[in-house]
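Subject: Structure handover

Hi,

Here is the structure I promised to send over. Please open it alongside this note.

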Amino acid sequence: MDTYDSSLAPRFSQHLAQREAELRAVLRANDHLPDEASGVDSGEVVDFKDVAAQQSRATLAEAKVDHAAHELELVLAAQRRLADGSYGRCLDCCEAIDLRRLTALPASPCCTACQAIHEHERPPATRRRSLYPQVS
Ligand SMILES: [Zn+2]
């Protein structure tokens with residue numbers, strides 16, 4: 001497997017900077033996010049279909065912004081790792097990350113195996129609680 005080495009830093013730095021710019025543009029474009037949904041409480045008579053459409057648009061935009069904000073964090077963290085020389089290693093297991101993965105996802109903080117574990121772990125936060133109820 002090919003792995004990252006510091007000679008590739010300029011290339012990845014450029015990738016990350018470009019992605020950062022794209023994400024910032026998304027966040028800027030959605031900065032003035034409509035508070036349209038708040039009109040619902042103003043006592044006006046509104047068409048519920050309009051409200052629903054408006055809300056789902058707002059929700060969609062919010063989800064996009066959330067996603068962009070999260071990815072931007074990953075990109076900034078990757079830039080820090082690039083600067084401090086720890087880039088290209090999995091944050092979880094410290095193994096080198098496959099270069100193909102880094103090329104596809106330059107901001108990726110961990111290797112494919114660890115990522116798979118994370119994705120597996122994420123949902124049950126609430127489920128676990130009900131499976132193992134707290135004894136008081
Ligand atoms: Zn790993």
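Below is what I found in it.

This is a predicted model: local features need pLDDT of at least 70, side-chain atom pairs count only at pLDDT 80 or more, and totals for chains, interfaces and linings use all residues. Residues are numbered from 1 along each chain as its sequence is written.

**Overall**

The chain has five helices and zero strands. Helices (H or I, at least four residues) and strands (E, at least two) are DSSP runs, numbered from the N terminus. From that end, the elements run α-α-α-α-α. Of the 136 residues in the chain, 11% are buried. A residue counts as buried if 20 or more other C-beta atoms lie within 10 Å of its own, as exposed if 12 or fewer do, and as partly exposed in between; C-beta atoms are placed from the backbone. Take the contacts between residues at least 6 apart in sequence: 63% of them join residues at least 24 apart. Two residues are in contact if their C-beta atoms, placed from the backbone, lie within 7 Å.

**Helix α1**

Helix α1 covers residues 9–29, which is 21 residues. It reaches 30 Å from its first C-alpha to its last, close to the 30 Å expected at 1.5 Å a residue. The expected span is 1.5 Å times one less than the number of residues. The buried residues of α1 are F12, L16 and L23. Seen down the helix axis, they fall within an arc of 30°, so they line one face of α1. That arc is taken over the directions from the helix axis to the C-beta atoms. On the other side of α1, the exposed residues are P10, R11, Q14, A17, Q18, A21, A25 and R28.

What covers the buried residues of α1 includes α2 (48–84). The 37 residues of α2 should span 54 Å at 1.5 Å a residue, and its end C-alpha atoms are 53 Å apart, which agrees. V75, A78 and L82 are buried in α2. Their cover includes α1.

How do the two helices cross? The axes of α1 and α2 come within 9 Å and cross at roughly 155°. Axes are lines fitted to C-alpha atoms, for helices over the stretch in contact, and angles run from 0 to 180 degrees between N-to-C directions. α1 and α2 are therefore roughly antiparallel to each other, a label for angles over 145 degrees. On the α1 side, the contact is made by A9, F12, S13, L16, R19, E20, L23, R24, V26 and L27. On the α2 side, it is made by K64, V65, A68, A69, E71, L72, V75, A78, Q79 and L82.

**Individual residues**

E73 lies in helix α2. E73 is partly exposed, with 13 other C-beta atoms within 10 Å. E73 and A107 are 34 residues apart in sequence and 9.0 Å apart in space, C-alpha to C-alpha.

α2 is followed by G85, whose phi is positive, near 85°.

C94 lies in the loop between α2 and α3 (99–104). C94 is exposed, with 11 other C-beta atoms within 10 Å. Its phi is near 65°, a positive value in a residue other than glycine. Most residues other than glycine have a negative phi. C94 and C110 are 16 residues apart in sequence and 8.4 Å apart in space, C-alpha to C-alpha.

Best wishes

Terms used
Parallel < 35°, antiparallel > 145°, perpendicular 65-115°, else oblique.
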